[in-house]
Structures are given as C-alpha cells and as structure tokens.
Amino acid sequence: MNPFQKNDSKETLFLPVSTEEVPPRPPSFPEKPSPKICGSNYPLSIVFIVVNEFCERFSYYGMKAVLTLYFLYFLHWSENTSTSVYHAFSSLCYFTPILGAAIADSWLGKFKVLSMVGLSLIALGTGGIKPCVAAFGGDQFEEKHAEERTRYFSVFYLSINAGSLISTFVTPMLRGDVQCFGKDCYALAFGVPGLLMLIALVVFAMGSKLYRKPPPEGNILNQVVKCIWFAISSRFKNHSGDNPKREHWLDWAAEKYPKQLIMDVKALTRVLFLYIPLPMFWALLDQQGSRWTLQATRMNGNLGFFVLQPDQMQVLNPFLVLIFIPLFDLVIYRLVSKCGINFTSLRKMAVGMILACLAFAVAAAVEIKINEMAPHQPDSQEIFLQVLNLADDEVKVTVLGDENNTLLAESIKSFQNMPHYSKLHLKTKSQNFHFQLKYHNVSVYTDHSVEEKIWYTLIIREDGESISSMMVKDEENKTTNGMTAMRFVNTLHEKVNVSLGTDASLIVDEDYGVSAYRTVQRGEYPAVHCRTKKEDFSLNLGLLDFGAVYLFVITNRTNQGPQAWKMEYMPANKMSIAWQLPQYALVTAGEVMFSVTGLEFSYSQAPSSMKSVLQAAWLLTVAVGNIIVLIVAQFSGLAQWAEFILFSCLLLVVCLIFSIMGYYYVPLKPGDVQGSADKQTPQIQGNMINLETKKTKF
C-alpha cells in the first residue's frame, strides 16, 4: 500500500521511530514446478541432495570411526584424553553450523553455502553443510506436499546412516588390514573419506539447475538478536507501568521492527526454549564412538564366523537405523495410531530419551560384568608374582618370611606354564624379598626389591652348572586396550631382531635379554621374521587374541633351528562383543524416535526466513552434548560403570523436564506465523512506522 495514498475512511499518521533501516522482506521465491520422480510428488532435485548427503556422511563418519583409536594407538594418548579430544572435535563440528546458518539465511542462500563453503573448506565445511542440507531438501517441496516432505526427512536420515554404515565398516579395515610404512594405514583411512567429499561436491553441483533456491532474506540472525535486545531494553525502560501492557514481551519491539519479524522471532524463541534440555540426549548418543568403543576394546570380537575390531562395532548403529526407520514409519507408528494414541513429535522424542536411558543402564551392566571377568589388580602393600623357570630341570622356589613362605609349595618344572600369578604381601610400600631356589639338591639364595601394586615375573635361568634369577616388572600388563601385548626373552648368545610388521623392529639382547612390551592387532602370526648376525629365521607365534598378554622365549634346543616357546601372561578378553548388541539396539531405537522426529519438527516449526537458523540451533544442542561428555570425562573421576549410570539418571531427569515443557507447547501449523502477522498493522516503511487508526489525533 502506498503510504501517501489518501484514504477516505481513515486518517493515516506517520511517526518517525528509528534512524536504522530494517531491510524489507524479499518476496517469496517463485514456486516453479520441478520435475518429479517417476510421477510421484517427490522433486527430482532431492535425489542429488540425498546422494550428496550420503557421500558427505561417509566422509565424516568414516573419519570419526577410527579417530578414537588413532588417538589411543598412534598418538598414545590416554583413554580420558582420547575421549575428551574426540568430543571436543564433535562439539566444534556442531558449533560451526551457527556461522553457516547465519551466512545461508542472510547473504548467500543455502545452495551457495552448501556448495561453495561447505564442500570446499572441509575444516569449516561441517558448519556450512549441516544447517543447510536438511532444510534445503525441505525447500524443494511445495506446501501441498507436506506429507511427502515428512517422509523425505526419513529418507534423508537413511542416507546419513547408509553412508555411516559403509564408512564405519570400511575405514577400520583400511586402517587395520592395510600396512603403510609398516604401521596401520591411517593415511588411507582418512584419505578415502576425503575422496568421498570430492564426489559429494560433484554430485551436488550436477543437480544445480533442478533446485528451488529460496533467496536469502537479509542479515536475519542479526535482526533476530537486535529485535530481542530492543524488546528487552524497551521492557525494562518502561517498567513503571505508564505504558499499556503488551501481550508478549517481544511486542515491546513493535515500535521499531516489522510485525512479521516479531512473529517469526516469537516462533523461534518458543522452539529454542524447548531445545534447552536436548543436549543431554546427544551426550549419551555420541559416546558410541568414544566410551562404547573403549568398552569394546575390553571385549572379545571373535564371533566365530567373523572377527570384529572394536571400532567396527559402531557399524551396528547405522545398520540398525536402516532397519528401524522403515519399521517405525510403516509399522510401529501406524499401529500406535490405530490404537487411538496421538503420538506427537514431542512424545516420540521423550520416548527416545527413555530408550537411551535404558541403553546406558545396559552398558553399565556390561561394564560391571567385564570388570568381574578381568584380572584383579594388586592393592596397597601387595604385588602379583609369577615364576618362569628357563633352567633345564625343575626348581623349588621358597619365599622366605612369615607371611609368604607357603605360596609356592610345588616345584616348578622346566618351561612350565604357570596358571596364575601369586599374591605376595608387603610390610611397606617397597620391600626386599628373599628367595631360596633349590636346583639339583643345591640351594641358591637371592634378594629382589619390589614395589607395591605391580606385577612381577621371577625369571630363573641357567648360570653355568648353577642357576640365577632376575626380577622383571610386568606393569604394562594392566591394560592393552583390546590389542595383544607381547614381550620376548632371548636365550640365544646373540641379539635377535624381531619384525612384527607394525612398527620399528624389536631388538632383544642376547643371553636372556628381555624386551619391552609391544602391542599388535589380534590375529594369526605364523611366520614372524627374525634375524641375527649369522642367520635369518621365522617364529610361529600362533593366534594372538584380544586383550591377551604373551611372553615368548626364543630358544634353540633342537636341531630345527630357533623356536618360540609361548606363555600366556594374561588370558584373552572373555566377554563377547556381541553383548553390546542390546545397548546399541536400544540407543538406535531412541535415536530414530528422537533425531529423525526432531529434524522434521525443527523444519516444520521454523518460520520460512529462519529454517537454517533453527536447524543450526538443533545441531547446537549436539555440540553442547559433546561438551557435557568432555567435562565428565575429565573431571568426574568415576568408575566407567558409575559414569554410565550417571548419564542414564541425568537423561531420565531431563526427560521428565522435557515432557512437562512439551505438554504446554502448542505446535505451529503451516501458515500460523504468516497468517497472524497479516492480521496485524503496524508495518515499517523505511524509517517510518505506518499506523492505521480511526480518527486518531496527535
């Protein structure tokens, strides 16, 4: 309407209210018809978006699949540090979408951000891609095809998990099964996801002419912040009560900002308030790649027909998502609807939280069982001692003293495998132990100093016609993070160079030299190459199982050349990795009900000008969730099972809060925001506010 047009029935007043110009909202982007898929109501353009998302998610999840173990094994960080850095990276990936959303809705539009920024600069690309791609796919649908758009978000989530499924299975194989410079090939494991990012860029660009591209609507994020600040400032400046009360606190911005913007911000803040409890769900879900992977390292991945590496267990999540999404959409939700239950989006999300709580309760139970099966650790003023007799005849070992003299009652035969460690008690934190060794009716007395809480091996060896002993610390036995640990004792009279194929060669000194521990992947090692100055030979180490610790004695007691005598210091992990299946099933069912529903809910409740902003806010809850895990991992100091219980209880409390908030939330229907705004007058025209009123005077 022309503000200077004369109106016979109304008097028009012009009041200057601001020197800052609020840019007018651009017209809606043209509803150009787009080609459909096989005569359906699905735009052909979403094929390119979904394939692009598959490739991009392959890249992202493929890299994350090996990240924790890269920190643990390659960089040799601790479990807590690996967990913290993993979640710090995940958090950063979900913080940057705020920047991407601001650029998308304000200046470049979703299409240009997704292709120019997101896929060109991978470091910041997550921030460009994540808030735009889901919303951009939703923009391809006309409002009359809202049902198809809802199903699109399920298909979109399927593509995410299809990419994740393949990448989390393939990249650990690239890491472990391929050798690069004698080590696990992390270069290839990270390089293949990088190639998929390039493919994602190409696929997305191919559909450029088919896309419906909503134009950017000015610096919308800046307008939102300023509108909220102006409303709050005006409210406190007019707290005296002289001015009439406003229906909503944001109505205090009406003197400066367009009514449509105020209505959009109202819709935005209502949803943002509902987002406050959501980070706790992501704090649990994202531990599949950290705490749950570390739990898998303490389990046995041998399933009989297949051997799973600890980081491959994550493949269960996307695999189950591909099953659960059609199961829930086509079966469970329809059955619930036929029972007359109004299963709203918020109710689905609340049930998803409860399922995640149950998943972590199961994870805690599994952790407790793992601890029960694991070898006990020596307490204060205790050590664990094992005797290895490498002499040619049996030896009777007696620990001299009041408390420990009956511990080793039987004679130890030559090269006898000891079934377990013996516990010895100390009077102080460190102590000298006196041993009597009986060999061929000759007694040899020896002293060895020990310290509390450490594992030791007393190695007895021939020394001319007599014997001698040496005490070796086994302190590295405490954990092997799911890999196999081994060390060598060399009885030959020259150094042996052992090539394990994973690192630099291991050199074992001559005449009962003892090597350091070396960790390798679980597997068969039938021909490990060794060499001395005089000859090359191979040792058959056999199967090295998950979590086991071995000692190999290199001997040459036959005419068949040097051989390895094998002794299992610590047994392999006993609990099957299959026991993680229930917790993965529960958390994945929770993810389908929470995340898929939340994506569609965020899009449907967002004003048209703020689709990407609200998607970014949704992703921001993921970032905050990862920060929660980071803080707990660094500062809780709890046992792992107790930490799982803590997260489960916290999410249960949050679920109750969210359910109460959701009970009072009234979802917006299509056109609610626009319709409400159209009924309102005032409207900003440049720097003036146009108020239409009947017979109003100054």
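## Disulfides and cysteines

A search of the whole structure, a predicted model, finds 0 disulfides. The cut-off is a pair of cysteine sulfur atoms within 2.5 Å. A disulfide is a covalent bond between the sulfur atoms of two cysteines.

Cys649 shows the gap. Its closest cysteine sulfur is in Cys357, 8.1 Å away, which is too far for a bond. Cys649 is partly exposed, at 44% relative accessible area. Cys530 is buried, at 0%. Buried means under 20% relative accessible area, exposed over 50%, and partly exposed in between (1.4 Å probe, protein chains only).

## Packing of α14 and α17

Helix α14 spans residues 345-373 and helix α17 residues 640-663. The two pack at an angle of about 170 degrees, with their axes 8 Å apart. That makes α14 roughly antiparallel to α17. The contact residues divide into 20 nonpolar, 5 polar and 1 charged.

Several terms apply here. Helices (H or I, at least four residues) and strands (E, at least two) are DSSP runs, numbered from the N terminus. Axes are lines fitted to C-alpha atoms, for helices over the stretch in contact, with angles from 0 to 180 degrees between N-to-C directions. Angles under 35 degrees count as roughly parallel, over 145 as roughly antiparallel, 65 to 115 as roughly perpendicular, and the rest as oblique. Nonpolar covers Ala, Val, Leu, Ile, Met, Phe, Trp, Tyr, Cys and Pro; charged covers Asp, Glu, Lys and Arg; the others, Gly among them, are polar.

## Salt bridges

The structure holds 8 salt bridges. Each needs a side-chain nitrogen of Lys or Arg within 4 Å of a carboxyl oxygen of Asp or Glu.

Arg487 and Asp474 meet at 2.7 Å, N to O. Arg487 lies in strand β11 (residues 484-490), and Asp474 in the loop between β10 (466-473) and β11, so the pair ties together parts 13 residues apart in sequence. Both Arg487 and Asp474 are buried. Lys259 bridges to Asp251, with the closest N and O atoms 3.4 Å apart. Lys259 and Asp251 are both buried too. A salt-bridge network links Asp251, Lys259 and Lys266.

Glu372 is exposed, at 51%, while Lys369 is partly exposed, at 39%.

## Basis of the values

Residues are numbered from 1 along each chain as its sequence is written, and side-chain values use heavy atoms, without hydrogens or water. In this predicted model, local features need pLDDT of at least 70 and side-chain atom pairs count only at pLDDT 80 or more, while totals for chains, interfaces and linings use all residues.
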